[in-house]
Amino acid sequence: MRNKLERVTRQIQLGLDRVGAALSWIWLVLIAVIVSAVVLRFVFGIGRIELEELQWHLYAIGFLMGIVGCASRDRHVRVDVIRERLSARTRDWVDLYGVLLFQIPLVLLVLWSALPFVAISLETNETSASAGGLPFRWILKSVLPISFALLGVASLNRLVEVGVRLFGEPEERATTSPTHSARDRE
């Protein structure tokens, strides 16, 4: 059973890593858009609202998907001053309750709120309010539920990993390797 769970969690982690690796290129695209907008504006005196809006669209996508990467690799912000003093087992209990009581309810709340938000945008074919702005605003808005759905997958994956360490057989608990660094497990 443990080996099957480990294989499943590894496959899920691999999928999340692939999504993260593909979307990490968005930052290079964002830099190119920013440089283009600056050169057009300050060298040629041409201001383009499309480039301005594209900047914040790309930033929003990168940020939302970055949250998924941080959560899936257990690299999110926490109070390390306290956490580093806890035993590995206590850290696992904190992670278990944190995912169950905070992370998963947040994911569900955002999904419940965001899906109608995207549906209305799609139905009305929402565009930018700015003249010359970007069309298809629903594409950007759909990143919110997509990223939180992926965050939900990462959360459930984390729950399984922590559960195996906390509730598995004693020899399983000793050999199960977490996704986060060995330094965190010491």
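**Salt bridges and a nonpolar surface patch**

In the predicted model, K141 counts as buried, because its relative accessibility of 16% falls under the 20% limit. E126 itself is partly exposed, at a relative accessible area of 23%.

Eleven salt bridges are found in a search of the whole structure. One of the pairs joins R73 to D17, at 2.5 Å between the closest N and O atoms. Because R73 lies in the loop between α3 and α4 (80-83) and D17 in helix α1 (residues 2-23), the pair ties together parts that are 56 residues apart in sequence. Both residues are partly exposed, R73 at 30% relative accessibility and D17 at 27%.

A further salt bridge, between R41 and E52, has an N to O distance of 3.7 Å. R41 belongs to helix α2 and E52 to helix α3, so parts eleven residues apart in sequence are tied together. R41 is partly exposed at 42% relative accessibility, as is E52 at 30%. Salt bridges also link D74, R83, D95, R158 and E161 in a network.

A nonpolar surface patch of about 820 Å² is formed by W25, L28, I31, V35, V39, V43, F44 and I46. Among them, V43 lies in the loop between α2 (26-42) and α3 (49-72) and counts as exposed, with 58% relative accessibility.

Terms used. Residues are numbered from 1 along each chain as its sequence is written. This is a predicted model: local features need pLDDT of at least 70, side-chain atom pairs count only at pLDDT 80 or more; totals for chains, interfaces and linings use all residues. Side-chain values use heavy atoms; hydrogens and water are left out. Patches are made of residues with over 30% relative accessible area and no salt bridge: like charges are joined within 9 Å, nonpolar side chains (Val, Leu, Ile, Met, Phe, Trp, Tyr) within 5 Å. Accessible areas come from the Shrake-Rupley method with a 1.4 Å probe; for residues, only the protein chains shown count as cover. A salt bridge is a side-chain nitrogen of Lys or Arg within 4 Å of a carboxyl oxygen of Asp or Glu. Helices (H or I, at least four residues) and strands (E, at least two) are DSSP runs, numbered from the N terminus. Buried means under 20% relative accessible area, exposed over 50%, partly exposed in between (1.4 Å probe, protein chains only).
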